[in-house]
Structure formats: C-alpha cells, structure tokens
Amino acid sequence: MTGKTVVMDHPLIAHKISYIRQESVGTKEFREVIGEIAQLMCYEATRDLKTQEVKIKTPIAEMTGKVLAGKKLAIVPILRAGLGMVDGMLSMIPTAKVGHIGLYRDPETLEPVEYYCKLPADCGEREVFVVDPMLATGGSSVAAIRMLKDKGVKHIRFLCILAAPEGVKRMQEEHPDVDIYIGALDEKLNDHGYIVPGLGDAGDRIFGTK
C-alpha cells in the first residue's frame, strides 16, 4: 500500500507556523503554539480513521451514532523535539498511549543511533503517529520508523510541522507505505542541514536551550 503525502492548507496552521518562525518569539509562546499546531494537524491526520455505528440514548431520543472503530492509537515522539507535539495530540485523542524513541547522530558515520526506545506493549496492534517538528535530512525519522517496523508496528503515520524537500523525498523512498503530514513545506536544506527558511532548532526553542 502506498502512503500519501499531505501538505496542510489550513489557514490557522499557516498563521501559527508563520508566528513561530519569528526569531523574536520566546520559549513559552513557541512551546504553546507548537502544541496548538500539533492539535490542528492531528485533526487533519485523523480524518480517515474508521468509525462504526453504535446505538446511544440522548436525553431526547435513541439514535445511531458513530465512534472510532478498529485499531487503538499511539503517539510516538522522536526525542527530544517531538515531545513538544505530544500534549497537543493528546488533547485531541486523550486515550492514545505514548511511546518514546531517542536517537543521536554518530559523529563519524553521521548515521542515527538508537539510545532509547520504550513503546506500549501492544504497539503492533495500534495506529501509530510518529511526531517530530522538523523533517530535515530525514535521517532520524527514517531510522525511527525502521525501528518501529522492526518491532512489529505495521500502521504508521508521520507528522511534522516543517519539512524540506530532501527529507520528504528520502521518507517517500525508504518508507513508501507511511502517510506523511506536513504543516509547511519549505525551500531547501542549507549546508549545515537546517531547513531554509525554517525556524531554527525546534528542540532548543521548545526547551530554551542553546
């Protein structure tokens, strides 16, 4: 099954991304708006979840309503910047379980190396949303999704707030079955692997570190 790539076109998402791009926005506001963007993106990325009909009783009458059907959900942030998107996602899907994947880049090989992975025990039975604010080179995201697949996860969606074409291309090539949801698609990567025009280092701006 071929996954789809969706670049958000919602005015609220565009407005909030433009706001956090600004250098003058401080840590508190940046963190809050990242959560708001994640919430809005979650709404879009769950649009095609399956539902089933159930009988319910309102104060007025009985009726047939719809509830989520099938697989349960999980959110897996890529540490550390991905943590900034979790609360926004949970505000929309509060029953989702949360796993964590930690990667660092080997300074010699430049390849991502796993240093932490803790997932819900039944993650293989869940629809998993992998979240990371930035899809730059794609190295970390590709590696994180490969780790999930190695652990038996079959249904994966990836959400990022900003993406560079290079990272999107790599994800599509290495994980063609994964749906990709992008808040804004930027121009390119610079020589240091930063997204241009981007917003700087998302982790540093979320947590106030340099």
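Which residues does valine 168 touch, not counting residues up to four places away in sequence? They are Thr5, Leu135, Ala163, Ile182 and Leu185, where a touch or contact means heavy atoms within 4.5 Å.

## About the model

This is a predicted model, in which local features need pLDDT of at least 70 and side-chain atom pairs count only at pLDDT 80 or more, while totals for chains, interfaces and linings use all residues. Residues are numbered from 1 along each chain as its sequence is written, and side-chain values use heavy atoms, with hydrogens and water left out.

## Valine 168

Valine 168 sits in helix α5 (residues 165-174); helices are DSSP runs of H or I with at least four residues, strands are runs of E with at least two, and both are numbered from the N terminus. With a relative accessible area of 8%, valine 168 is buried (under 20% is buried, over 50% exposed, and in between partly exposed, using a 1.4 Å probe and protein chains only). Its C-alpha atom is separated by 34 Å from that of lysine 66, which is 102 residues apart from it along the chain.

## Where α2 meets α3

Helix α2 (residues 27-45) and helix α3 (residues 83-92) have axes that come within 7 Å and cross at roughly 45°. Axes here are lines fitted to C-alpha atoms over the stretch in contact, and angles run from 0 to 180 degrees between N-to-C directions. The two helices are therefore oblique to each other, since angles under 35 degrees count as roughly parallel, over 145 as roughly antiparallel, 65 to 115 as roughly perpendicular and the rest as oblique.

On the α2 side, the contact is made by Ile34, Gly35, Ala38, Gln39, Cys42 and Tyr43; on the α3 side, by Gly84, Met85, Gly88, Met89, Ser91 and Met92. In α3, the buried residues are Gly84, Met85, Val86, Gly88 and Met89. They pack against α2, β4 (72-79), β5 (97-98), β8 (126-131), β10 (155-163) and α6 (202-207).

## The nonpolar cores

A nonpolar core is a set of buried Ala, Val, Leu, Ile, Met, Phe, Trp, Tyr and Cys residues joined through side-chain atoms within 4.5 Å. The largest one has 37 residues, of which Ile37, Met41, Met89, Leu159, Ile161 and Leu162 touch the most other members. Helix α2 gives the most to this core, with eight residues.

Leaving aside neighbours within four places in sequence, isoleucine 37 is in contact with Ile13, Lys16, Ile17, Ile20 and Ile161. A second, separate core of 25 residues includes Val128, Met147, Ala163 and Ile182.
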